[in-house]
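Here are my notes on this one, written as numbered points. Have the model open while you read.

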Amino acid sequence: MKQWMFRLIAVFMVVVLLAGCGTEDSTDQATQKEANNTTENQGRNTEQSEETVLITITKDHGEEYIHEKEVPIEEGDILMDVMEENFYIETEQNGTFITSIERVAAKEGEKKGWIYTVNGEMAKVGAAEYELKPDDKVVFDFQAWE
């Protein structure tokens with residue numbers, strides 16, 4: 001009976017040791033996969049962070065802050081399209097002239113409007129024609145035009 005018990009314990013120990021070795025291998029593989037996924041995701045995040053623009057909405061030459069958002073873009077994206085996808089805007093003249101952003105608009109008879117700059121310079125074309133570039137800093141400011 002002692003011999004039978006000794007053999008049973010020996011077999012049990014071998015099974016436990018083999019199972020433990022298998023667990024370590026699968027744990028190592030899982031850890032390696034997780035590390036690879038982290039590296040891949042960091043690469044993707046780097047690519048995404050390079051492909052964004054910062055859009056700031058203000059009033060009265062920046063005296064009043066309304067909203068700011070970092071927006072992912074793709075090559076060829078047009079400013080008007082990006083604005084429509086990310087902010088509440090209203091337009092006139094067949095969608096080429098922005099009259100309201102985030103529900104801020106001129107009251108009747110008020111001589112105010114939306115002016116935008118890109119990287120600190122006045123844009124030479126309307127928002128419906130401006131092609132965004134990665135890292136552009138766009139500021140829309142609601143101000144008097146007179």
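1. Start with a pair in the sheet: Val118 has Val138 in β8 as its bridge partner. The two strands involved, β6 and β8, pair in the antiparallel sense over 7 bridges. Pairing here requires that DSSP finds at least two bridges between two strands. Strands (E, at least two residues) and helices (H or I, at least four) are DSSP runs, numbered from the N terminus. As a reminder, strands of a sheet pair through backbone hydrogen bonds, either parallel or antiparallel.

2. A word on what you're looking at: this is a predicted model, where local features need pLDDT of at least 70, side-chain atom pairs count only at pLDDT 80 or more, and totals for chains, interfaces and linings use all residues. Residues are numbered from 1 along each chain as its sequence is written, and side-chain values use heavy atoms, with hydrogens and water left out.

3. Now the whole sheet. It is open, has 5 strands in the order β2-β1-β8-β6-β7, and its pairing is mixed. Which strands sit at the edges? They are β2 and β7, each of which pairs on one side only.

4. Ile55 stands opposite Lys69 in β2. There are also 6 bridges from β1 to β8 (residues 137–144), this time parallel. In that pairing, Thr56 stands opposite Val139 and Thr58 stands opposite Asp141.

5. The turn is worth checking by eye. β1 and β2 form a hairpin with 4 residues between them. Asp60 is found in the loop between these strands and has a positive phi of about 50° although it is not a glycine. For context, most residues other than glycine have a negative phi. At 27% relative accessibility, Asp60 counts as partly exposed.

6. Arg103 is another non-glycine residue with a positive phi, in this case near 70°. Look for Arg103 in the loop between β4 (97–101) and β5 (104–105). Its relative accessible area is 64%, so Arg103 is exposed.

7. How many salt bridges does a search of the whole structure find? The answer is 2, with a salt bridge taken as a side-chain nitrogen of Lys or Arg within 4 Å of a carboxyl oxygen of Asp or Glu. One joins the side chains of Lys59 and Glu64 at 3.9 Å, N to O. Glu64 is partly exposed, with a relative accessible area of 40%.

8. The side chains of Lys112 and Asp60 also meet in a salt bridge, at 3.2 Å from N to O. Because Lys112 lies in strand β6 (residues 112–118) and Asp60 in the loop between β1 and β2, the pair ties together parts that are 52 residues apart in sequence. Lys112 is partly exposed, at 23% relative accessible area. In the sheet, Lys112 stands opposite Ala144 in β8.

9. Glu51, Glu68, Glu70, Glu74, Glu75, Glu131 and Asp135 gather in a patch of negative charge. Such patches are made of residues with over 30% relative accessible area and no salt bridge, with like charges joined within 9 Å. The areas come from the Shrake-Rupley method with a 1.4 Å probe, and a charge is placed at CD of Glu or CG of Asp. Glu74 is found in the loop between β2 and α2 (79–86), and at 59% relative accessibility it counts as exposed.

10. Thr52, found in strand β1, counts as buried at 9% relative accessibility. Thr52 and Leu132 are 80 residues apart in sequence and 9.2 Å apart in space. Ala123 is in the loop between β7 (121–122) and β8, and is partly exposed at 25%. Its C-alpha is separated by 9.6 Å from that of Val138, 15 residues apart along the chain.

Key. Patches are made of residues with over 30% relative accessible area and no salt bridge: like charges are joined within 9 Å, nonpolar side chains (Val, Leu, Ile, Met, Phe, Trp, Tyr) within 5 Å. Lys and Arg count as positive and Asp and Glu as negative; His and the chain ends are not counted. Buried means under 20% relative accessible area, exposed over 50%, partly exposed in between (1.4 Å probe, protein chains only).
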